[in-house]
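Let's walk through this structure together, one part at a time.

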Amino acid sequence: MVWLSPVIALTLTALMAMIVFAAAGLNPLSSLATFILAPVADLYGVAELLIKAAPLVLIGIGLSVGYRAGVWNIGGEGQLILGVIFGGYIALHFGTDGGVWVLPAMVIAAAMGGMLWAAVPALLRTRFNASEILVSLMMNYIAQLWLSWLVFGAWRDPAGFNFPQSQPLAPGALFPILIEGTRANASIIFALLAVILGWVLMNRSFVGFQLRVTGLSEGAARYAGFSTHRAVWIGMLAGGATAGIAGVGEIAGPLGQIFPTASPGYGYAAIIVAFLGRLNPVGILFSGLLMALIYLSGDLAQMSLGMPSAITGLLQSLLLFFLLTADVFIQYRLRYTAPARATEGAAA
Amino acid sequence: MIEQVIPLVVATLVAGTPLVYAGLGELVTERAGVLNMGVEGMMVIGAIAAFAVTQATGNVWLAVLAAMVAAMALSVLFAVLAISFRANQVAVGLALTIFGTSLGSYLGKPYVGMALVVEPSALMQAAARLPLLGPILGQLHPLVWLSWLLFAAVWYFLYRTRRGLVLRAVGESPTSAHAIGYPVQRIRYFATLFGGAMAGVAGAYVSVLYTGLWTEGLIAGRGWIAVALVVFATWRPGRCFAGAYLFGGATMAQLFAQSAGIGLPSELMSALPYIATIVVLVLISRNATVMRLSVPASLGKPFSARA
Amino acid sequence: MPSFSRRDFLKTAAATSLASAGGWQPALAADEVLKVGVIHMGAISDTGWEHYQAEAWHALEKAYPGKVKVTMLENISQIQDCERLFRQLSTQGNKLIFGTTFSQYASLKKLAPSLTGSHFECCAGIEPGPNLGVFEARHYEGTYLTGIAAGRMTKSNILGWVGAFPVPQVIYGLNAFLLGARSVNPAATLKVVWANAWVDPAKERDAVAALVAQGADVVSGSPNSPVQGLAAEEKGIWSIGSTGDFSAYVKKKQLVSFELDWSSAHINAAKAVMDGTWKPEGRWRGLGEGGYVKMTTNTPELPASVAAEMKAAEADIIAGKLKPFTGPIKDQAGTQKVAAGSTLADNDIKGMTWLVEGVQGTLPKT
């Protein structure tokens, strides 16, 4: 049943897209077909879909670990940027002569950076009881300003006429390409690893069980002797590590160099991905691919259908709205047969 | 000297005004236990609605009304999903921001490159003749004066009226409020819609009076600053009101310092409000008593009467 | 760092471009429509940079009615996406493809050599490469002239500059602005404020307020929405339309203005592709016929003598007799950067990391 509402949400979103197309004087059906199929019509397109989805899936999995435990890390964006900063530092300083160790070092540094940034809200939550939602949100802005300060200052490419961008990363500091002739790189492997690890952690390990219990009821968790502090730490750090790796994957992949806008908002988009995927690793894999497809389709819709660029954001947000709505109606149906009292929500 | 100070005071008041509206609105929403992080999206919608109406009618007040209605419509969407359907408030709020920003840019296409010139109203001209405060008041649109009234009204409502007390009770403990017989969900709806309307006014102020221009990216993160502001203010209207000018003034101070040749990294100065917010949050959260007095206990948690 | 120097790069670039211009590129048939692709990083609703980029392809469509079809993408703010989109534009048969900002340059440099079915042009790109031309305006020629007007009209001798980000165009632009002002008014100084945003009209307004509070009575700048001019007008001081003419918005107090007019870059490139003569070039053009900098409106209140002074300087710049970055020029610390009689080379202008004497403000440190 839990998978019925995504299907409904998807259908409704597709319907909305068709309405938008029709309003613009286009044939709704063929436009929708173009919208969905054109971006992945060839191998290059599929590879693009994969590298777009990889960071979303990666971060989405990390965040979902926390979300399952009721730890609301919305600092994925900042943690991603820390991955860019830490991984970027290694790449810029040791990229040319670090040999085979450069890439592993970059990935580890990036994960550490993301975890460091996630540790701040985790520490403030466990030590001072400060809301991790609000702290992690603030940390996003601080990270962005830090990166901006670096790229406009110390990290500027001396050969780049002062433009705010670093030197191109050395070839040894770039993720290996998986499919020749495309941009599909190793970050896809990280994303798949995250799916597997996430699944094992949440479904097959005792820690995962503890996290899920904590998320369902803090009281029950405490009663069972599970530490809520530990849940906060695990949840935050999982998100931080994955976001950090996603960050370094951008500069060592599609960007190839460090820009002040290294993060295109993946940290926020991944929150939607996590919810869309029902906080389930396999679900997140699909929802990440879906969100990535909407990004790609939105750009292509501008190119071949003349649609405004806003269509990407509109469809992504509608998809989540529809999903949440569909959830309720499905639950209602279930509950309708049960002899429960009407909820307050129904009255209001 | 005074000629130098007045423009800065005026500029700070102007920069703080959208934060006063959006901040106080979000404060009331959060006091009822609802965390709506879609302020940015609602401000964008308010901004474009007000711009369109001013363009068509030339009437600023009509525009503000339109902005309130438009942004409120978005907050209804939030309320239905997050209050009635009890969906995760963080997720809905984020989606609302993406939705509002995208819809704003979609609807705003025809208004690109237009500028509004709003003539100083007769009220402002009259105020300019007042002794002492005249030079300042005369440069501020009545919508700025109204924001002071709003502050007074919100403060009075929350602390001096029975309904305000009930709203705070709902934020503290919806279960007890429900047990006593208060309509928790209806009160939360009211608070959320109020927050939406005020975000709309804030957006209208930015597009029609602050800049007189429509462009994508006009709100530029001010909705998120309003979310931070409410935390910074520890959910109290007085601190929120003062904090709005502090945050607005921080931008001014940064620009002023730059032009005076003070060489602090501007990124560090831009980060200050966020760092300050974290510090304040830690200070109030570390002490359980202060925490209970400050943070609405049920913030962000959906309520179900069945529980 | 890659081990080859810029000189080597230019050599290979030149060699490859010769090879690619070696006559095999076919001219377009007379009835064939030239498909042109453009990718804007920002929204065209921006009244500054992207707006003038869009004006250029509008001019191109007008110059060849029915012969040119432009496909435009805007708001592609994710640099990650550029490579894919440029490639898609190419596979969709666009023979000429434009990037509009420097942040697209890296993607284009990587792509252009392999996508030989199309030719690429990048505005504000760093240097030409195989199958990739770049073009940029000598903004400083415009700011130098507007600086003359500012220097003449200021009463407080304090000028203001609102910068978006310290990118090269803005740095040499504001330096030349003060040099122009000082050429007629040695007492002039320039206060600089960075908005640190490409688009944040409200902040630009605040920046103008901060400058006015410190006595500036003529403001110019680089983020370029009409909002700076409107704010200045409200305060009763002069503003300058720098890289954009906002006299339609700023009815009374826009002193002078210059525009960036990229239409010749677009039209010439399109014509070359149609004729089969396109080759990758680096074009850095200022005032004059076919240039990218155009002086536009002056306020009626500008004294005729000042207007004449600007005209004369403009003629001298076009004739090559006046070069704004001619020494002696000192930096903020008073160190001589350009010796008397010598002139800064183009690459030194582009790579400026210092501000001229008399500027109050800072650049991020490297």
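The contact between chain A and chain B takes 38 residues from chain A and 44 residues from chain B; two residues are in contact if their C-beta atoms, placed from the backbone, lie within 7 Å. On the side of chain A that touches chain B, the elements giving two or more residues are helix 5 (102–128), helix 6 (132–152), helix 11 (266–276), helix 13 (311–337) and helix 14 (344–347) of chain A. Helices (H or I, at least four residues) and strands (E, at least two) are DSSP runs, numbered from the N terminus. This side of chain A divides into 27 nonpolar, nine polar and two charged residues. Here Ala, Val, Leu, Ile, Met, Phe, Trp, Tyr, Cys and Pro count as nonpolar, Asp, Glu, Lys and Arg as charged, and the others, Gly among them, as polar.

A word on what you are viewing: this is a predicted model, in which local features need pLDDT of at least 70 and side-chain atom pairs count only at pLDDT 80 or more, while totals for chains, interfaces and linings use all residues. Residues are numbered from 1 along each chain as its sequence is written, and chains are lettered from A and ligands numbered from 1 in the order in which they are written.

Chain A also touches chain C, through a contact of 26 residues from chain A and 31 residues from chain C. Helix 10 (228–255) and helix 12 (281–305) of chain A each supply at least two residues of that side of chain A. By class, the side has twelve nonpolar, nine polar and five charged residues.

Now look inside chain A. Helix 3 (residues 43–68) of chain A packs against helix 11 of chain A at an angle of about 65°, their axes 8 Å apart. Axes are lines fitted to C-alpha atoms, for helices over the stretch in contact, and angles run from 0 to 180 degrees between N-to-C directions. The crossing of helix 3 and helix 11 of chain A is right-handed; a crossing is left-handed if the near helix is turned anticlockwise from the far one by less than a right angle, and right-handed if clockwise. Among the residues that make the contact are A:Leu56, A:Ile59 and A:Leu63 of helix 3 of chain A, and A:Ala270, A:Ile271 and A:Val273 of helix 11 of chain A. By class, this contact has eleven nonpolar, three polar and no charged residues.

The axes of helix 11 (residues 222–232) and helix 13 (residues 266–285) of chain B come within 8 Å and cross at roughly 35°, in a left-handed crossing. Helix 11 of chain B contributes B:Ile225, B:Ala228, B:Val231 and B:Phe232, while the residues from helix 13 of chain B include B:Pro273, B:Tyr274 and B:Leu281. The contact residues divide into nine nonpolar, one polar and no charged.

Chain C has eleven helices and 15 strands. A compact globule of 366 residues would have a radius of gyration near 21 Å, and chain C agrees, with 21 Å; the radius is taken over C-alpha atoms, and the globule rule is 2.2 Å times the number of residues to the power 0.38. Buried residues make up 59% of the chain, where buried means that 20 or more other C-beta atoms lie within 10 Å of a residue's own, exposed that 12 or fewer do, and partly exposed in between, with C-beta atoms placed from the backbone.

Seven strands of chain C form an open sheet in the order 12-10-9-8-6-7-15, with mixed pairing; two strands pair if DSSP finds at least two bridges between them. Its edge strands are strand 12 (293–298) and strand 15 (359–360) of chain C, each pairing on one side only. Strand 10 (residues 254–260) of chain C runs antiparallel to strand 12 of chain C, joined by four bridges, and C:Val256 has C:Asn298 as its bridge partner. Strand 9 (residues 238–243) of chain C runs parallel to strand 10 of chain C, also through four bridges. Seven of the seven residues of strand 10 of chain C are buried, so this strand is largely enclosed by the rest of the structure.

Another open sheet of chain C has six strands in the order 2-1-3-4-5-11, with parallel pairing.
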